[in-house]
Amino acid sequence: LDASTTMRGKMSDGRIKLDGAKDAARAFIGQLALERDNLGLFDQAAVIWYNETARTEQGLTNDRAALLAAVDRIPTPREGSRIDLGLQYAHQQLLVGSRLKAGNTPAVVLLSDGEPNHTTLEAVYAAAEAIKRSRALLFTVGFKDIYFREEVLRRIASSPDRYYYAPRAEDLAGIYRQIAGRLVCQ
(Lines give C-alpha, C1' and ligand atoms only; values in the text may rest on other atoms or scores of the structure.)
Protein backbone atom coordinates (compact mmCIF):
# COMPACT_ATOMS: atom_id res chain seq x y z
CA LEU A 1 0.00 0.00 0.00
CA ASP A 2 1.06 3.52 -0.81
CA ALA A 3 1.67 5.44 2.43
CA SER A 4 3.00 8.61 0.81
CA THR A 5 1.84 12.16 1.53
CA THR A 6 -0.63 12.15 -1.37
CA MET A 7 -2.59 9.52 0.57
CA ARG A 8 -3.44 12.31 3.06
CA GLY A 9 -5.94 13.66 0.52
CA LYS A 10 -9.60 13.56 1.46
CA MET A 11 -12.19 11.16 0.11
CA SER A 12 -15.79 12.12 -0.57
CA ASP A 13 -16.74 11.05 2.97
CA GLY A 14 -14.07 13.34 4.50
CA ARG A 15 -11.68 10.59 5.61
CA ILE A 16 -8.11 10.48 4.34
CA LYS A 17 -7.43 8.27 1.32
CA LEU A 18 -5.12 5.97 3.28
CA ASP A 19 -8.06 5.05 5.52
CA GLY A 20 -10.08 4.10 2.42
CA ALA A 21 -7.16 2.06 1.12
CA LYS A 22 -6.87 0.27 4.46
CA ASP A 23 -10.59 -0.54 4.40
CA ALA A 24 -10.19 -2.00 0.92
CA ALA A 25 -7.15 -4.04 2.05
CA ARG A 26 -9.22 -5.45 4.92
CA ALA A 27 -11.95 -6.37 2.44
CA PHE A 28 -9.33 -8.07 0.24
CA ILE A 29 -8.06 -10.07 3.20
CA GLY A 30 -11.66 -11.01 3.93
CA GLN A 31 -11.95 -12.51 0.43
CA LEU A 32 -9.01 -14.84 0.93
CA ALA A 33 -9.46 -18.47 2.00
CA LEU A 34 -6.86 -18.29 4.77
CA GLU A 35 -8.23 -21.20 6.78
CA ARG A 36 -6.93 -24.66 5.85
CA ASP A 37 -9.57 -26.59 3.89
CA ASN A 38 -10.16 -30.36 3.99
CA LEU A 39 -7.36 -30.84 1.43
CA GLY A 40 -4.91 -28.79 3.49
CA LEU A 41 -5.02 -25.85 1.06
CA PHE A 42 -5.10 -22.19 2.10
CA ASP A 43 -4.29 -18.73 0.74
CA GLN A 44 -1.49 -16.56 2.05
CA ALA A 45 -0.84 -12.82 2.05
CA ALA A 46 1.64 -10.23 3.28
CA VAL A 47 1.23 -6.54 4.07
CA ILE A 48 3.82 -4.09 2.76
CA TRP A 49 3.68 -0.31 2.70
CA TYR A 50 5.97 2.26 1.12
CA ASN A 51 6.74 5.96 1.05
CA GLU A 52 10.36 7.24 1.31
CA THR A 53 11.13 3.79 2.71
CA ALA A 54 9.26 0.50 2.66
CA ARG A 55 8.41 -2.04 5.29
CA THR A 56 7.06 -5.55 5.40
CA GLU A 57 4.50 -4.97 8.13
CA GLN A 58 3.47 -8.65 8.06
CA GLY A 59 5.34 -11.37 6.24
CA LEU A 60 3.62 -14.04 4.20
CA THR A 61 1.07 -15.85 6.37
CA ASN A 62 -2.41 -17.29 6.48
CA ASP A 63 -3.09 -15.69 9.88
CA ARG A 64 -6.05 -13.37 9.21
CA ALA A 65 -5.77 -11.58 12.57
CA ALA A 66 -2.07 -10.85 11.98
CA LEU A 67 -2.78 -9.50 8.49
CA LEU A 68 -5.60 -7.26 9.72
CA ALA A 69 -3.45 -5.99 12.59
CA ALA A 70 -0.67 -5.22 10.08
CA VAL A 71 -3.07 -3.12 8.00
CA ASP A 72 -4.00 -1.22 11.16
CA ARG A 73 -0.31 -0.51 11.85
CA ILE A 74 0.39 1.16 8.49
CA PRO A 75 1.69 4.56 9.58
CA THR A 76 0.47 8.06 8.84
CA PRO A 77 1.48 9.04 5.30
CA ARG A 78 4.97 10.48 4.87
CA GLU A 79 6.97 12.06 2.06
CA GLY A 80 8.21 9.94 -0.85
CA SER A 81 6.76 7.35 -3.17
CA ARG A 82 9.33 4.60 -3.55
CA ILE A 83 7.23 2.21 -5.59
CA ASP A 84 10.45 0.39 -6.44
CA LEU A 85 11.06 -0.41 -2.77
CA GLY A 86 7.47 -1.56 -2.27
CA LEU A 87 7.85 -3.94 -5.21
CA GLN A 88 11.23 -5.19 -3.98
CA TYR A 89 9.87 -5.94 -0.51
CA ALA A 90 6.87 -7.73 -2.03
CA HIS A 91 9.14 -9.77 -4.29
CA GLN A 92 11.22 -10.86 -1.28
CA GLN A 93 8.09 -12.45 0.18
CA LEU A 94 7.68 -14.60 -2.95
CA LEU A 95 11.26 -15.74 -3.48
CA VAL A 96 12.29 -19.38 -3.36
CA GLY A 97 12.83 -20.43 0.21
CA SER A 98 10.12 -18.11 1.45
CA ARG A 99 7.06 -19.28 3.27
CA LEU A 100 5.08 -19.41 0.00
CA LYS A 101 3.06 -22.62 0.07
CA ALA A 102 3.63 -24.88 -2.93
CA GLY A 103 0.69 -24.67 -5.29
CA ASN A 104 -0.28 -21.11 -4.33
CA THR A 105 -0.20 -18.54 -7.14
CA PRO A 106 2.48 -15.96 -6.36
CA ALA A 107 1.07 -12.46 -6.91
CA VAL A 108 1.68 -8.86 -5.94
CA VAL A 109 -1.09 -6.26 -5.74
CA LEU A 110 0.36 -2.74 -5.81
CA LEU A 111 -1.81 0.26 -4.88
CA SER A 112 -0.50 3.71 -5.82
CA ASP A 113 -2.13 7.12 -6.09
CA GLY A 114 0.84 9.05 -7.33
CA GLU A 115 3.96 9.33 -9.31
CA PRO A 116 7.11 7.57 -8.15
CA ASN A 117 9.48 10.05 -6.52
CA HIS A 118 12.79 9.92 -4.70
CA THR A 119 13.57 7.15 -7.21
CA THR A 120 13.70 6.70 -10.98
CA LEU A 121 11.24 5.17 -13.39
CA GLU A 122 14.01 2.78 -14.41
CA ALA A 123 14.23 1.50 -10.82
CA VAL A 124 10.46 0.99 -10.71
CA TYR A 125 10.47 -0.84 -14.04
CA ALA A 126 13.41 -3.02 -12.96
CA ALA A 127 11.67 -4.02 -9.71
CA ALA A 128 8.51 -4.90 -11.64
CA GLU A 129 10.44 -6.92 -14.22
CA ALA A 130 12.14 -8.93 -11.46
CA ILE A 131 8.71 -9.92 -10.14
CA LYS A 132 7.46 -10.88 -13.59
CA ARG A 133 10.63 -12.87 -14.36
CA SER A 134 9.96 -14.94 -11.24
CA ARG A 135 6.59 -15.86 -12.82
CA ALA A 136 4.61 -14.01 -10.19
CA LEU A 137 1.56 -12.03 -11.27
CA LEU A 138 1.71 -8.28 -10.79
CA PHE A 139 -1.59 -6.44 -10.43
CA THR A 140 -1.56 -2.66 -10.17
CA VAL A 141 -4.32 -0.41 -8.90
CA GLY A 142 -4.24 3.27 -9.74
CA PHE A 143 -5.94 5.41 -7.15
CA LYS A 144 -6.75 8.71 -8.87
CA ASP A 145 -4.88 11.78 -7.69
CA ILE A 146 -3.62 15.01 -9.16
CA TYR A 147 -0.16 13.45 -9.61
CA PHE A 148 -1.43 10.15 -10.98
CA ARG A 149 0.69 8.53 -13.73
CA GLU A 150 -1.47 5.82 -15.21
CA GLU A 151 1.05 4.84 -17.90
CA VAL A 152 3.57 3.75 -15.25
CA LEU A 153 1.09 1.45 -13.50
CA ARG A 154 -0.12 0.04 -16.83
CA ARG A 155 3.44 -0.71 -17.87
CA ILE A 156 4.48 -2.47 -14.67
CA ALA A 157 1.38 -4.71 -14.48
CA SER A 158 1.90 -8.27 -15.75
CA SER A 159 -0.53 -7.56 -18.59
CA PRO A 160 -2.95 -4.75 -19.54
CA ASP A 161 -5.88 -6.59 -17.94
CA ARG A 162 -4.02 -6.70 -14.62
CA TYR A 163 -4.16 -2.92 -14.28
CA TYR A 164 -7.18 -1.43 -12.49
CA TYR A 165 -8.27 2.15 -12.05
CA ALA A 166 -10.08 3.41 -8.94
CA PRO A 167 -11.31 6.97 -9.35
CA ARG A 168 -12.65 6.94 -5.76
CA ALA A 169 -11.74 5.10 -2.58
CA GLU A 170 -15.20 3.56 -2.61
CA ASP A 171 -14.19 1.67 -5.80
CA LEU A 172 -11.17 -0.04 -4.21
CA ALA A 173 -13.04 -2.81 -2.37
CA GLY A 174 -14.77 -3.90 -5.59
CA ILE A 175 -11.47 -3.94 -7.47
CA TYR A 176 -9.82 -5.99 -4.74
CA ARG A 177 -12.74 -8.44 -4.91
CA GLN A 178 -12.13 -8.82 -8.65
CA ILE A 179 -8.43 -9.43 -8.12
CA ALA A 180 -9.07 -11.97 -5.36
CA GLY A 181 -11.50 -13.78 -7.67
CA ARG A 182 -8.94 -13.87 -10.46
CA LEU A 183 -6.32 -15.35 -8.13
CA VAL A 184 -8.66 -18.16 -7.11
CA CYS A 185 -9.27 -18.93 -10.79
CA GLN A 186 -5.56 -19.14 -11.71
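The model is predicted, so local features need pLDDT of at least 70, side-chain atom pairs count only at pLDDT 80 or more, and totals for chains, interfaces and linings use all residues. Residues are numbered from 1 along each chain as its sequence is written, and side-chain values use heavy atoms, with hydrogens and water left out.

**Helix α2**
- Helix α2 spans residues 64-73; helices (H or I, at least four residues) and strands (E, at least two) are DSSP runs, numbered from the N terminus.
- L67, A70 and V71 are its buried residues, where buried means under 20% relative accessible area, exposed over 50%, and partly exposed in between (1.4 Å probe, protein chains only).
- Looking down the axis of α2, these buried residues fall within an arc of 100 degrees, so they line one face of the helix; the arc is taken from the directions from the helix axis to the C-beta atoms.
- The cover over the buried residues of α2 includes α1 (17-31), β1 (45-50) and β2 (54-61).
- At the start of α2, a side-chain oxygen of D63 comes within 3.1 Å of the backbone nitrogen of A65.

**The largest pocket**
- There's about 950 Å³ of space in the largest pocket.
- Here a pocket is an open set of points on a 1 Å grid over the protein atoms alone, where a 1.4 Å probe fits, with protein on both sides within 12 Å along at least five of seven lines; lining residues have an atom within 4 Å of a point.
- Of the 41 lining residues, F28, Q44, A45, A107 and L183 are the closest to the pocket's centre.
- α1, β1, α2, α3, β3 (107-112) and α6 (172-184) are the elements that each give two or more residues to the lining.
- By class, the lining has 31 nonpolar, seven polar and three charged residues.

**Loop residues**
- S81 sits in the loop between α2 and α3 (83-94), and counts as buried because its relative accessibility is 3%.
- Leaving out residues up to four places away in sequence, S81 touches D2, S4, Y50, N51, E52, E115, P116, N117 and T119, with contact meaning heavy atoms within 4.5 Å.
- H118, in the loop between β3 and α4 (121-133), has a positive phi of about 65 degrees although it isn't a glycine; at 45% relative accessibility, H118 counts as partly exposed.
- R135, in the loop between α4 and β4 (137-143), is a residue other than glycine with a positive phi, near 70 degrees; at 74% relative accessibility, R135 counts as exposed.

How values were computed
Polar contact = N/O pair within 3.5 Å; in protein donor to acceptor, adjacent residues only side chain to side chain. Points joined across faces, edges and corners; volume = space filled by probe spheres on them. Nonpolar A, V, L, I, M, F, W, Y, C, P; charged D, E, K, R; others polar.
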